[in-house]
Amino acid sequence: MKQKVKWGDRRDGKRVDAPGLQTVMTALFPKRTECEVYLHDTIDATKLMEYLEKKNEGRTEGKVTIFHCVITALDRMVRERPLMNRFIQGYRIYERNEISLSFVAKRRFADGAEETLMYLVPKDTDTINEISAKIIGDVHEARKSDHATGGVDELLDKFAALPRPLLAGSVRMIRYLDFWGVNPKFITDGDPNYSTILVSNLGSIKCPSVYHHLNNYGTNSIMVTVGTLHKEEVLMEDGHKEIRDVIDIGATLDERIADGFYFARSLKLLRHIFENPELLERPLNEPSNFDYK
């Protein structure tokens, strides 16, 4: 059911009441880049790799990848940790109307090849199967051409073609409209800067996870980088050491949307999903029943 729009709401989110400290911080530190918190974790992916090996058995194409699992796990995490779906704009705190994930895909793996912006809004009933198929289909469609053929990519090309004074004036106007939450839909729809989580799959180019800044433009409050799968010696719970498959994940967050305790628990849930990949087979709106103790 569509939620009723109240005074102070935006097209993409509803205004929420927050504790005084959080509310005042939006005015004391109005820029998102002033409020960045960086988290880094090395996640055991051994069970996830066993799951993928079994799931992709006999497939020659359309294989489910680690990245597809990361996208699914992040969406599930946000559904169970709703404060992660908040953003700050215009000195106010909002909760998004939907969960969205975005990433950048290279049209070709070559120096100078153009990038395309991908934007995904999973359904409540989606599982890893639907999300994987959607990502594969979108990336395949984007790589049919070496240049932008529509959407936000083509819009950016048009802005880039403007004379410098017009480009500067247009950007100032867009930023002003962004502050008040009244940017036209044709500008914001499909823009990763307006997504819940912007993900960078650095593992696809054999690069480790890194710190990546947030942007002051838009509403994106979480940036996640996924590093390369590699082997690492891990100390197990019973005290013995074992060589395991691990993935480094970095996350940059806007500290104004929640506190450190909430962020830490959200990271624990993400780790739990990786260690129990069967959860990826469940509909996204089905709780994981994770014990946060």
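## Surface and charges

The protein chain has an accessible surface of about 16,000 Å², and carbon and sulfur atoms contribute 55% of it. This is a predicted model, so please read every value here as computed from that prediction.

## Overall build

Welcome to the fold itself. The protein chain contains eight helices and 10 strands. Its radius of gyration is 20 Å, close to the 19 Å from the globule rule for 293 residues, so the chain is as compact as a globular protein of that length. Along the principal axes, the C-alpha atoms fill a box of roughly 60 × 50 × 35 Å.

Of the 293 residues, 44% are buried.

## A hairpin to look for

Strand 9 (residues 230-235) and strand 10 (residues 241-254) run antiparallel and are joined by six bridges. Val234 stands opposite Glu242 of strand 10. The two strands form a hairpin with five residues between them, and Gly239 in the turn has a positive phi of about 100°.

## Two residues with positive phi

Most residues other than glycine have a negative phi. Lys206, however, has a phi near 60°. Lys206 sits in the loop between strand 7 (197-201) and strand 8 (222-226), and is exposed, with a relative accessible area of 67%.

Asn289 also has a positive phi, about 60°. Asn289 belongs to the segment after helix 8 (260-275) and counts as exposed because its relative accessibility is 66%, over the 50% cut-off.

Definitions and conventions:
Residues numbered from 1 in each chain as written. Predicted model: local features only at pLDDT ≥ 70, side-chain atom pairs only at ≥ 80, totals over all residues. Heavy atoms only, no water. Helix = DSSP H or I, 4+ residues; strand = E, 2+ residues; numbered from the N terminus. Buried < 20%, exposed > 50% of the residue type's maximum accessible area, 1.4 Å probe, protein only. Pairing = 2+ DSSP bridges. Rg over C-alpha atoms; globule rule 2.2 N^0.38 Å. Areas by Shrake-Rupley, 256 points an atom, 1.4 Å probe, with all protein chains shown as cover.
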